[in-house]
Amino acid sequence: MPAPRVFLDAGGRSPVTRRVADALQAGLADGWADPARLTAESRRARAVLDGAREAIADALGASPAHLHLVPGAHLAFDRAIAGIDLARRGRDVIVASAIERTAVLEAAEHVAPDRVERIGVDAEGHVDMDAFATAVSNPSTSLALVQHANHEIGTVQRIEPLHAFAHDAGVPLVVDGSASIGHIEPPEHWDALLADPADWGAPLGLGVVAMRPQTRWLAAWAGDDMAPGGVSIPLALAAAVALQERLETLEATRTRLHALSDRIRRELAQLEGVTIVGAEDERLPHLVTAAFMYLDGEPVVSRLDREGFAVGSGSACGSDTFEPSQVLAAMGALTHGNLRVGLPPAVQEADVERFLATMPRVIEDVRRTMQA
């Protein structure tokens with residue numbers, strides 16, 4: 001009997017639990033009506049939507065009145081950047097770290113063509129503080145974009161001093177929490193916060209934008225709301241329940257996944273030609289990225305898939321799965337020969353042991369095939 005498949009690609013997407021699936025079904029039963037109408041069915045749908053928004057806002061440390069749900073994380077990026085930039089008339093430069101998500105950088109470039117100043121990072125992926133402080137002090141700077149934690153290498157940014165630099169310069173700091181929320185505590189220092197419920201175990205199709213009450217934004221689209229026409233109420237309820245489920249066991253899960261990822265980092269680093277990328281300490285508990293000398297990531301991923309392991313490689317957010325990673329390029333690391341492991345909360349120690357036992361043979365087989 002073949003061994004069961006093991007999903008180790010929980011970066012950006014995470015398996016939906018039974019509890020979340022039940023919440024989605026409940027949302028379909030109670031949230032199908034138009035929440036803008038006055039009927040009993042519509043009032044029930046509105047109550048479900050408002051409850052979901054309040055629960056997500058509470059978990060993020062945001063005000064429900066200033067938390068917006070939109071149909072997808074990429075749309076959340078677009079709305080937040082365009083809306084804040086429009087309110088900052090007369091300022092036309094956007095500052096962003098060089099390792100932001102491709103979708104975030106593309107949204108910034110669309111709003112400010114050829115006026116996005118990318119700030120470099122060190123070998124662990126931490127933003128250059130001095131360069132960032134200089135950039136935000138430019139009177140032409142409209143807003144600044146920084147991830148809470150990187151979606152490929154797991155490095156957690158030092159948000160508090162970055163926010164202080166931006167605050168002193170009067171520049172709104174937009175923090176992308178789409179890789180961190182549900183895995184570690186949400187950031188405290190931000191003027192706008194972006195989130196992707198699919199990363200914390202909700203079904204795909206919802207994005208979150210939270211604004212501080214003092215953060216000004218103007219609609220750069222038809223309608224005043226960020227999601228004219230509304231969002232899926234069942235997805236909103238499922239997202240709220242998924243986040244609550246993560247937060248209930250956050251500390252225990254983080255401790256367990258840190259131990260497992262430490263073991264993966266340690267054992268992979270012992271293999272010939274393998275280097276672990278990203279910060280050793282200031283990192284997400286569930287992500288590990290390894291770079292391979294003289295190997296491409298695609299054959300490694302394909303071979304592991306045949307062995308029953310789902311892992312990632314290349315760019316974590318490119319249109320092509322194996323597009324070279326601009327994150328690793330910005331850090332000066334290998335861009336093609338890399339492997340990305342994302343541990344879901346339900347992963348078992350036996351799964352990790354079997355994965356680590358399989359890796360040496362897979363690497364050797366791929367090397368032998370490439371040399372043939």
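Reader: Hi! Where is Glu-280 found?
Author: In this predicted model, Glu-280 sits in the loop between β9 (274–277) and β10 (287–292).

Reader: Is Glu-280 buried or exposed there?
Author: Glu-280 counts as exposed, because its relative accessibility is 55% and the cut-off for exposed is over 50%.

Reader: What does Arg-5 pair with?
Author: Arg-5 forms a salt bridge with Asp-305, and the closest N and O atoms are 2.8 Å apart. Arg-5 lies in the segment before β1 (6–7) and Asp-305 in helix α9 (residues 297–306), so the pair links parts that are 300 residues apart in sequence. Asp-305 is partly exposed, at 40% relative accessible area.

Reader: And what about Arg-19 and Glu-248?
Author: Their side chains meet in a salt bridge, 2.8 Å from N to O. Arg-19 belongs to helix α1 (residues 18–30) and Glu-248 to helix α7 (residues 233–248), so this pair ties together parts 229 residues apart in sequence.

Reader: Where do Asp-50 and Arg-46 lie?
Author: Both are in helix α2 (residues 40–60), 4 residues apart, or about one turn of the helix.

Reader: Last one: which residues do salt bridges with shared partners join into one network?
Author: That network consists of Arg-303, Glu-307, Arg-361, Glu-364, Asp-365 and Arg-368.

Methods. Residues numbered from 1 in each chain as written. Predicted model: local features only at pLDDT ≥ 70, side-chain atom pairs only at ≥ 80, totals over all residues. Heavy atoms only, no water. Helix = DSSP H or I, 4+ residues; strand = E, 2+ residues; numbered from the N terminus. Buried < 20%, exposed > 50% of the residue type's maximum accessible area, 1.4 Å probe, protein only. Salt bridge = Lys/Arg side-chain N within 4 Å of Asp/Glu carboxyl O.
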